[in-house]
Amino acid sequence: MDWYPLYNSLRIALISSVIVFFAGIFAAYYIARLHPVLKGILDVFLTLPMVLPPTVVGYFLLLVLGSRRPFGSWFYEVFHTKLVMTWYSGIFAAVAVAFPLMYRTARGSFESFDETLAFSGQTLGLSNAYIFWHIRMPACRQGILAGVVLSFARALGEYGATSMLAGYTPGKTATISTTVYQLWRTNNDTLAFRWVMVNMAISAVVLLIVNLLERREGQRRT
């Protein structure tokens, strides 16, 4: 059994989780402080990939990153590197579909934060950066961690956008999801079922972690 799809899926999910962690926190923190109208507009734009079909998200990514598109062709001419049909193309797809989960979860945590704690820190002369990392983030850690775990799970199971952006090449771009589809398409149900069980096992662990985080958050509030 070739374990490359598992390795590739895990590294794509891990890298994309790191990216959406910082991008989601940054967006959630600053957008939550904007005017309600502007915040509503940005909310729609940033969470749209969560409700769009993944193939549509992949199509929009191809319009930007495709080798025959302005940005994609410019990037290839400058760096001699393609942005599509490579293993790291899956990172772009995973980030696009996982970012809304991290953003919405982080924003909800920041909006429920007691701002009097931040005001108290300011009266003590603490910098905004110190308040953010040492007061705000610890107070919101359960929601932030839940967002990271959910983003990782979403990135790990991504298929639609990944198949359009990275395709399926055994040993190069294959992920668990694309491998299951290809094995089913070639009537290799036995191996496809094995990969399904691997994915289900990972997903069960992820859901267990989320439940534990939610339980701790509930106990902390009570």
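Mentor: A contact here means heavy atoms within 4.5 Å. Keep that in mind for this predicted model.

Trainee: Which residues does Ser-89 touch, leaving out those up to four places away in sequence?

Mentor: By that 4.5 Å cut-off, Ser-89 touches Leu-83, Val-84, Leu-165 and Ala-166. Ser-89 itself lies in helix α5.

Trainee: Why does Ser-89 count as buried?

Mentor: Buried means under 20% relative accessible area. Ser-89 has 0% relative accessibility, so the residue counts as buried.

Trainee: How much of the chain do buried residues make up?

Mentor: Of the 222 residues in the chain, 41% are buried.

Trainee: What makes up the secondary structure of the chain?

Mentor: There are 11 helices and zero strands. From the N terminus on, the elements read α-α-α-α-α-α-α-α-α-α-α. The C-alpha atoms fill a box of roughly 65 × 45 × 30 Å along the principal axes.

Trainee: Among contacts between residues at least 6 apart in sequence, how many join residues at least 24 apart?

Mentor: The share is 71%.

Trainee: Take α3. How do you know what span is expected for the helix?

Mentor: The rule is 1.5 Å times one less than the number of residues. Helix α3, residues 54-65, has 12 residues, and the expected value is 16 Å. From first C-alpha to last, α3 reaches 16 Å, so the two values are close.

Trainee: Which residues of α3 are buried?

Mentor: Val-57, Gly-58, Leu-61 and Leu-65.

Trainee: Why do the buried residues of α3 line one face of the helix?

Mentor: Look down the axis of α3: the buried residues fall within an arc of 100°, so they line one face. An α-helix has 3.6 residues a turn, so residues three or four places apart point the same way. The buried residues of α3 pack against α2 (36-51), α4 (70-79), α5 and α9 (160-165).

Trainee: How many cavities of 30 Å³ or more does a search of the whole structure find?

Mentor: One. The largest cavity has a volume of about 60 Å³.

Trainee: What makes a space a cavity?

Mentor: A 1.4 Å probe fits there but cannot get out.

Trainee: Which residues line the largest cavity?

Mentor: Ser-9, Ile-12, Gly-90, Ala-94, Ala-155, Leu-156, Glu-158, Thr-162 and Thr-175. The elements giving two or more residues to this lining are α1 (4-31), α5 (89-111) and α8 (141-156).

Trainee: How does the lining of the largest cavity divide by class?

Mentor: Four residues are nonpolar, four polar and one charged.

How values were computed
Residues numbered from 1 in each chain as written. Predicted model: local features only at pLDDT ≥ 70, side-chain atom pairs only at ≥ 80, totals over all residues. Heavy atoms only, no water. 1 Å grid on protein atoms, 1.4 Å probe; cavity = no way out; pocket = protein on both sides within 12 Å on 5 of 7 lines; lining within 4 Å. Points joined across faces, edges and corners; volume = space filled by probe spheres on them. Helix = DSSP H or I, 4+ residues; strand = E, 2+ residues; numbered from the N terminus. Nonpolar A, V, L, I, M, F, W, Y, C, P; charged D, E, K, R; others polar. Buried < 20%, exposed > 50% of the residue type's maximum accessible area, 1.4 Å probe, protein only. Arc of directions from axis to C-beta.
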